[in-house]
Amino acid sequence: MTTPKQAVALVDKRPFFEKALTHGLAKGIIDVSRCNVIIADGAKGTVQVATHFATPHLQAELDNARKRIVTLVSLYLEEASGGDLDAAARSLQENSFLSHSRGGNDMLKRLYAMPETVMSGDIKSQSLIDFQNERTLLKPTSLAAYRKELKRRQEAVDITAAAHWFRDDLRVPPAALDYLSVESIIRTAILARHAGLDKAPDHAEFAKLVTAIRNQPQPGGKLKIARTLLDDVPDPHHAIAETIRRDIEKLDGPLILNTANAIDVVLNIIVERYFLRDADLDDIDSFAGFVSEQWQAAMKGKDDPYSRLTLFMCLATGAKPKTMVTDAEARTMVRQVRKAGFNSTAVADFVNAAAPFEIKDNLLALWNEEFLPEARERLIDETDISLQRAMMFLTENLNVKPKPKSAK
């Protein structure tokens with residue numbers, strides 16, 4: 001009876017520096033005198049590293065420093081040699097141990113200097129020393145992990161460079177992109193080109209742009225953005241722009257063209273992916289009114305705070321929602337408040353169900369924080385028997401049609 005042969009894979013988990021040193025000594029690439037120098041340099045470097053992170057006088061810190069320096073040397077050696085043990089051993093024979101340590105540290109510094117994300121004005125989540133501490137001791141960085149993170153950060157550098165080109169193409173000032181995803185400017189530029197715009201749209205223009213795409217017949221029922229729109233994009237940025245062009249077709253196209261989705265729902269989903277030119281509050285309100293049919297119908301095209309509060313007051317007192325009330329209707333609302341209080345739930349329910357996404361928080365703050373506290377004090381004042389002070393308050397804050405003057 002024969003025993004089947006079994007292949008046993010041996011995994012060598014030693015640091016690359018240790019493997020290279022052992023290999024070099026065994027093959028005669030590293031001589032004994034160089035090995036002694038490496039040991040002496042390693043002791044010196046360990047003290048320097050311990051001093052950088054803490055103190056060289058505690059045994060635990062010296063042991064941690066030894067682990068750190070081995071990680072740095074291993075990282076540089078494996079990268080410089082391409083993983084070839086002969087080449088790594090020759091490097092140890094011909095170059096100082098501390099130069100390898102500095103090389104590994106320089107690799108980490110270069111990585112740290114690159115952006116972590118594709119956000120403009122990228123803010124570091126760690127200090128340099130915390131970054132070095134994590135990647136040399138807490139979670140020692142392997143070459144594979146280093147290359148993976150380097151690739152991700154290099155992609156962020158490349159996307160940022162492409163975004164800067166498209167930013168200039170749209171005549172957008174650099175500061176306008178601070179703390180925004182730089183990909184949003186590329187996305188906006190491509191969609192703007194598709195719509196025939198030569199600048200970044202504001203909120204209202206973006207709503208009209210998306211609606212126009214929805215209303216325009218699309219070949220095969222799918223959004224198609226011509227590749228030729230990117231012919232002038234420089235070669236270093238072209239592949240990135242092409243990827244985002246396809247992403248718009250794949251992700252945003254179906255949402256925009258699906259008429260089962262209300263236009264306000266579509267815009268609220270995709271607007272965060274795009275850069276919109278800064279505009280004043282009138283532009284924001286125009287966008288908000290455009291995308292919410294129910295809100296538009298209720299407000300009758302009005303977007304001033306007096307009209308909004310008038311509508312909310314009607315909702316809170318059970319009256320027919322309007323943006324203008326008569327003197328008599330206002331007095332009835334005061335009496336209802338004194339009888340049953342304010343139904344703020346009705347206001348919140350309407351805002352959450354009908355108001356444009358962009359201004360919901362502002363509307364609720366207008367009612368709950370700016371209007372309601374003083375309204376409670378002024379309208380529920382039982383000493384105001386004639387309602388004179390209550391009506392004065394409502395006239396100041398709502399649209400109250402004055403009583404017609406009696407004929408003489």
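Modeller: Before we start, contact here means heavy atoms within 4.5 Å. Keep in mind, too, that this is a predicted model.

Biologist: Thanks! Which residues does S101 touch, not counting residues up to four places away in sequence?
Modeller: S101 sits in helix α5, which spans residues 97-113. Its relative accessible area is 9%, and buried means under 20%, so S101 is buried. Setting aside residues up to four places away in sequence, S101 touches I69, L72 and V73.

Biologist: Let's zoom out, then. How many helices and strands does the secondary structure come to?
Modeller: The protein has 408 residues, and 42% of them are buried. Of the contacts between residues at least 6 apart in sequence, 68% join residues at least 24 apart. The secondary structure comes to 18 helices and two strands.

Biologist: Good to know. Are helices α14 and α17 roughly parallel or roughly perpendicular?
Modeller: Two packed helices are described by the angle between their axes and the distance between the axes. For α14 (residues 305-317) and α17 (residues 360-379), the axes are 11 Å apart and the angle is about 65°. Angles of 65 to 115 degrees count as roughly perpendicular. That makes α14 and α17 roughly perpendicular.

Biologist: And is the crossing of α14 and α17 left-handed or right-handed, and how do the residues of the contact divide?
Modeller: The crossing of α14 and α17 is right-handed. On the α14 side, the contact is made by P305, R308, L309, F312, M313 and A316. From α17 come L363, L366, W367, F371 and L379. Together, these residues divide into 10 nonpolar, no polar and one charged.

Biologist: Now the cysteines. How many disulfides does the structure hold?
Modeller: A disulfide is a covalent bond between the sulfur atoms of two cysteines. C35 is buried, with a relative accessible area of 14%, and C314 is buried as well, at 1%. For a pair to count, the sulfur atoms must lie within 2.5 Å. The number of disulfides in the structure is zero.

Biologist: I'd like to check the backbone. Is R171, with its positive phi, buried or exposed?
Modeller: Most residues other than glycine have a negative phi. R171, however, has a phi near 60°, and it is found in the loop between α7 (143-169) and α8 (183-195). Its relative accessibility is 56%, and exposed means over 50%, so R171 counts as exposed.

Biologist: What about L387, is that residue buried or exposed?
Modeller: L387 also has a positive phi, near 65°. It lies in the loop between α17 and α18 (388-397). With a relative accessibility of 5%, L387 counts as buried.

Biologist: Which residues is D384 in contact with, leaving aside its neighbours within four places in sequence?
Modeller: D384 has its place in the loop between α17 and α18. At 2% relative accessibility, D384 counts as buried. Leaving aside neighbours within four places in sequence, its contacts are R338, R389 and A390.

Biologist: One last thing: how far apart in space are A145 and R135, C-alpha to C-alpha?
Modeller: A145 is found in helix α7 and is partly exposed, with a relative accessible area of 39%. In sequence, A145 and R135 are 10 residues apart. In space, their C-alpha to C-alpha distance is 10.0 Å.

Terms used
Residues numbered from 1 in each chain as written. Predicted model: local features only at pLDDT ≥ 70, side-chain atom pairs only at ≥ 80, totals over all residues. Heavy atoms only, no water. Axes fitted to C-alpha atoms, helices over the stretch in contact; angles between N-to-C directions. Helix = DSSP H or I, 4+ residues; strand = E, 2+ residues; numbered from the N terminus. Parallel < 35°, antiparallel > 145°, perpendicular 65-115°, else oblique. Left-handed = near helix turned anticlockwise from the far one by under 90°. Nonpolar A, V, L, I, M, F, W, Y, C, P; charged D, E, K, R; others polar. Buried < 20%, exposed > 50% of the residue type's maximum accessible area, 1.4 Å probe, protein only.
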